[in-house]
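I opened my notebook to record what I could look up in this structure, one topic at a time.

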Amino acid sequence: MATNTTLDTLYIVNSSNRKVTLELLVGEEGQTSLTNIKLNNGSVITDLAGNFEKAEIGKNADLNGKVLRITTTIADTSKTTNLTSLTIKLSGGFLTRTYPLFKLVDSEGESVDYICNIEFFNPTL
Amino acid sequence: MEKKIYLLLIFIACCSTIKAQESTDLDLLRAPISPASNLLGFAQSEIDKPTDVSDFMASIQSATNAYTTLPSNYAIDLAPFWLLRNKVNMGDISTVGLEKSSGKNVLKQTLVLSIAIKNPDSIAAGFNHNSTYAGLGFRFSIYRGDYDFTTKQKLHQIAELQKLKLSFIDKKADSIYDNLPTEINELKEKRKRIFTDFDSNDESADNIALGELLYKKQSKLDSIISIKIEELFNSGEKSEDSKTIDDKIKKLASEFQLARVGFSWEVSGGVSNEFRQKNFNNSKLYNAGLWTTLGYTWEKSGALLGILRYLYNPDKIFALDDLTNEIKNISTFDTGLRYIVGGPQSKFNGSLEAVYRSVLNKDTYDSSWRLMLNLDYAVLKNQKLTFSFGRNYDGTTNDDNNLIATLGTVFGFGNKR
């Protein structure tokens with residue numbers, strides 16, 4: 001099974017004051033995760049267990065050039081699956097984007113580390 | 001100690017009068033896992049439990065002979081929340097999200113719909129072999145209890161190790177991004193050039209379509225850059241500290257069991273119809289039931305469970321299990337208590353249960369009760385030695401045939417989960 005644990009991408013924003021929101025979904029059933037989220041060098045949240053509920057991270061006009069760094073580690077504590085997954089949803093920019101990341105571990109108890117680097121980019125500037 | 005308990009169970013069983021019974025319910029107070037299948041007498045092993053839509057379609061295809069006939073003898077349990085996991089907003093299903101004891105999500109996560117169809121053969125007791133039977137049932141929890149101390153402690157230990165691990169990951173990620181090779185920086189610049197002259201302030205349909213196309217082009221470069229960064233991340237020797245943390249997390253996580261204590265409340269129900277002469281225009285209610293199980297589980301001193309159960313046309317007329325119900329249109333109401341000794345994660349468990357059955361709409365039958373002792377010991381993760389011992393009473397004294405005892409082993413093959 002193909003794996004996808006690293007994400008490096010651009011998220012297109014514009015010059016409006018519309019809010020950009022972030023949501024993180026950690027799966028699968030019964031797994032144990034911890035996440036750090038940083039925007040440039042400022043911490044959005046540290047040592048978050050489980051999902052990150054949809055929340056504003058800034059306005060389009062303010063985000064150009066900034067980098068969102070998400071690091072998550074997931075331990076497979078699930079008795080039903082060995083698949084770990086992290087889904088990142090960004091909305092409010094030019095388009096809504098969903099980034100699915102996943103990895104199947106070989107044996108129960110193993111951990112998977114996810115590293116995501118998302119640069120906000122306004123091509124009109 | 002464990003060896004002694006094991007030997008003691010074998011000894012008790014050998015000294016007991018073992019009476020073979022075709023179907024002895026060992027824990028009457030447990031509400032059926034699959035209500036509709038239970039009403040129509042299906043064994044647990046006969047019930048399909050698809051975990052995703054593909055499994056479900058395969059199950060239907062097999063039962064209907066590739067969609068050409070109606071299922072003949074078929075029982076299925078569907079958990080809509082888990083079955084449609086990719087189609088619905090699941091919310092938080094990690095160990096943090098599953099911690100909640102009650103609420104909307106608990107109802108959704110624990111809901112099971114049970115469907116069963118039976119075309120009995122001529123030797124099936126209690127069924128007319130010229131009829132077709134169909135049942136529909138449900139089960140859900142209103143309260144499912146809180147994590148026990150061991151579960152919380154292990155989750156806390158894992159979280160502390162994960163904090164340390166994340167600090168290593170963050171440092172490494174910072175170091176990689178601060179010193180990106182020229183090749184990757186050039187690819188990143190190339191990626192930005194895809195959007196040259198693109199106006200992200202124009203949100204017309206045409207421009208959005210153009211944006212989608214450019215995103216597709218961008219995603220190819222995203223993949224190349226991500227793979228190169230992953231290679232950098234995985235390159236070099238892992239530090240001893242990092243290896244130790246990984247080993248500790250793996251040990252804790254592989255042994256992790258999610259166990260609950262505190263108040264629990266579960267509701268189940270089901271109804272089945274008999275279609276005479278296998279004709280769907282000629283039907284009558286065959287049997288029905290509504291159960292609720294309330295309980296409280298303590299950390300160390302066991303659990304107390306209570307059940308209230310209404311049954312219409314139960315398969316047994318008395319609480320004892322050796323007299324089949326030959327009377328029709330009868331309703332019974334059961335109240336029961338069960339005390340279980342042993343913690344949620346202990347190897348040895350014992351329980352004492354009592355059931356009192358009242359016949360609601362026939363004066364001919366007195367109320368009856370039953371008492372049962374069950375013991376079980378988990379020899380291995382998937383192997384259990386079980387022992388049951390009981391006495392039941394139907395209003396007439398009979399000293400000879402009301403003692404039952406069974407010794408059994410339950411083996412699970414394959415994965416030791």
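The entries below follow what I looked up, and I keep in mind that this is a predicted model.

**Entry on a sheet in chain A**

I began with an open sheet of chain A, in which 4 strands follow the order S5-S2-S7-S8 with antiparallel pairing. Its edge strands are S5 (52–59) and S8 of chain A, each of which pairs on one side only. I also looked up how neighbouring strands of this sheet are turned against each other, and, with direction ignored, the average is 15°. As background I noted that strands of a sheet pair through backbone hydrogen bonds, either parallel or antiparallel.

**Entry on the pairs within that sheet**

Next I followed S7 of chain A, residues 83–91, which is joined by 8 bridges to S8 of chain A, residues 97–104, and the two run antiparallel. As an example of a partner, I found that A:Ser85 has its bridge partner A:Phe102 in S8(A). The hairpin of S7(A) and S8(A) has 5 residues between the strands, and there A:Gly92 takes a positive phi near 100°. I then looked up the pairing of S7(A) with S2 of chain A, residues 19–27, which is antiparallel and extends over 7 bridges. Here A:Leu25 stands opposite A:Thr87, a residue of S7(A).

**Entry on chain B**

I turned to chain B, which has 9 helices and 12 strands. Chain B has 417 residues, of which 27% count as buried. I also looked at contacts in chain B between residues at least 6 apart in sequence, and 67% of these join residues at least 24 apart.

For one helix I checked the length: the 12 residues of H7(B) should span 16 Å at 1.5 Å a residue, and this agrees with its end C-alpha atoms, which are 16 Å apart. Is H7(B) largely buried or in the open? Of its 12 residues the number buried is 1, so H7(B) lies largely in the open.

**Entry on where the chains touch**

Finally I looked up the contact, which takes 44 residues from chain A and 45 residues from chain B. On the chain B side, at least two residues each are supplied by H6 (149–178), H7 (182–193), H8 (205–234) and H9 (240–254). Which helix gives the largest share of that side? I found that it is H6(B), with 11 residues. By class, the side of chain B that touches chain A has 21 nonpolar, 11 polar and 13 charged residues.

Terms used
Residues numbered from 1 in each chain as written. Chains lettered and ligands numbered in written order. Predicted model: local features only at pLDDT ≥ 70, side-chain atom pairs only at ≥ 80, totals over all residues. Contact = placed C-beta atoms within 7 Å. Nonpolar A, V, L, I, M, F, W, Y, C, P; charged D, E, K, R; others polar. Pairing = 2+ DSSP bridges. Buried ≥ 20, exposed ≤ 12 C-beta atoms within 10 Å, placed from the backbone. Axes fitted to C-alpha atoms, helices over the stretch in contact; angles between N-to-C directions. Expected span 1.5 Å × (residues − 1).
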